[in-house]
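Let's take a friendly walk through this structure, starting with its rings and ending with the overall fold. Keep the viewer open as you read.

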Amino acid sequence: MKYSALVLAVMFGAGAFAAEPLVKYASPIKDFHVKSSVESRDMDALKKISNEFAQSYRFAGSEMYYKEPGKLKIISKAGFLDVSYVINGNTKAYKAVGIHKTIDITHSPGQRQGASAVGLLTPSFLDSLNISSKGSTKIDGREALVYEAHYKEEPGGAYYKFFVDPSRKYVVRQEQYHGDGKPKMTTRFLNPVNQKGIWLPTRTEVLNGEGERGAVTKMQILGINVNLPESVFVL
């Protein structure tokens with residue numbers, strides 16, 4: 001007996017997007033500039049994620065620049081202290097008072113932060129991952145596709161689950177796990193706005209592996225697809 005694709009989807013409860021590769025839902029973003037401010041923080045809850053991660057929330061806010069493929073600059077301020085770092089390909093450079101250091105992150109894929117920090121997945125980031133579909137679910141009444149992603153260079157290391165809005169092409173929720181499968185943290189990406197046809201969340205909530213809320217951050221969009229110059233990504 002033959003069945004149409006639609007009938008099979010109804011019979012087995014599959015979402016309309018379930019069989020598609022995640023790259024189909026990558027954001028069309030080329031570059032962006034955002035400013036973030038920390039609305040609330042619980043340092044004890046954040047330290048359960050990691051001490052280094054908790055320290056990043058001591059800053060009142062930061063500015064973030066991103067450009068495909070894989071170029072990132074973050075400038076953070078706490079009082080008179082300014083800390084900057086740039087990721088450009090396999091190089092990560094730091095700059096602070098009395099410190100200017102460059103390291104090779106070729107074999108440290110977890111340090112290659114990018115647009116996923118604000119809830120966007122890009123082709124260059126997805127190319128570094130082995131990805132499998134885990135079906136779909138509902139979040140706040142909207143369909144979210146679920147994908148599990150492991151770094152190609154660290155298949156037994158930490159991994160992610162992305163919950164993606166397929167029509168708006170942004171991550172609604174991101175879960176990170178240790179290599180042994182224990183939950184490490186969850187980030188919720190909220191209050192998305194549409195600029196130039198691109199959806200970008202403007203609020204994030206971070207929860208530790210025990211489900212305790214560690215921080216809430218608000219984001220102000222300063223520019224999307226403005227063709228940021230390469231000079232931005234040099235320290």
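How many aromatic pairs does a search of the whole structure find? The search gives 7 aromatic pairs, where rings of Phe, Tyr and Trp (its six-membered ring) pair if their centres lie within 6.5 Å, and planes under 30 degrees apart count as stacked, over 60 as edge-to-face and the rest as tilted. One of them joins Tyr159 and Tyr177: the ring centres are 5.2 Å apart and the planes meet at 10 degrees, so this pair is stacked. It links distant parts of the chain, since Tyr159 belongs to strand E9 (residues 159-165) and Tyr177 to strand E10 (residues 170-177), 18 residues apart. Tyr159 and Tyr177 are both buried, which is to say under 20% relative accessible area, with exposed meaning over 50% and partly exposed in between (1.4 Å probe, protein chains only).

Next, look at Tyr160 and Phe162, whose rings are stacked because their centres lie 5.5 Å apart with planes at 10 degrees. Both Tyr160 and Phe162 are buried. Ring pairs also join these two with Phe125 and Tyr151 in a cluster.

Before going on, a word on the ground rules: this is a predicted model, in which local features need pLDDT of at least 70 and side-chain atom pairs count only at pLDDT 80 or more, while totals for chains, interfaces and linings use all residues. Residues are numbered from 1 along each chain as its sequence is written, and side-chain values use heavy atoms, leaving out hydrogens and water.

Charges meet rings here too (NZ of Lys or CZ of Arg within 6 Å of the ring centre and within 35 degrees of the ring normal). Arg173 lies over the face of Phe163, 4.1 Å from the ring centre, and the charged end of Arg168 sits over the ring of Trp199, 4.3 Å from its centre.

Arg173 and Phe163 also lead us to Ile139, which touches both of them as well as Ala144 and Val172, not counting residues up to four places away in sequence; contact means heavy atoms within 4.5 Å. Ile139 is found in strand E7 (residues 129-139), and its relative accessible area of 14% makes it buried.

Finally, step back to the whole chain, with its 4 helices and 15 strands, which are DSSP runs (H or I, at least four residues; E, at least two) numbered from the N terminus. Of its 235 residues, 42% count as buried. The C-alpha atoms fill a box of roughly 75 × 40 × 35 Å along the principal axes.
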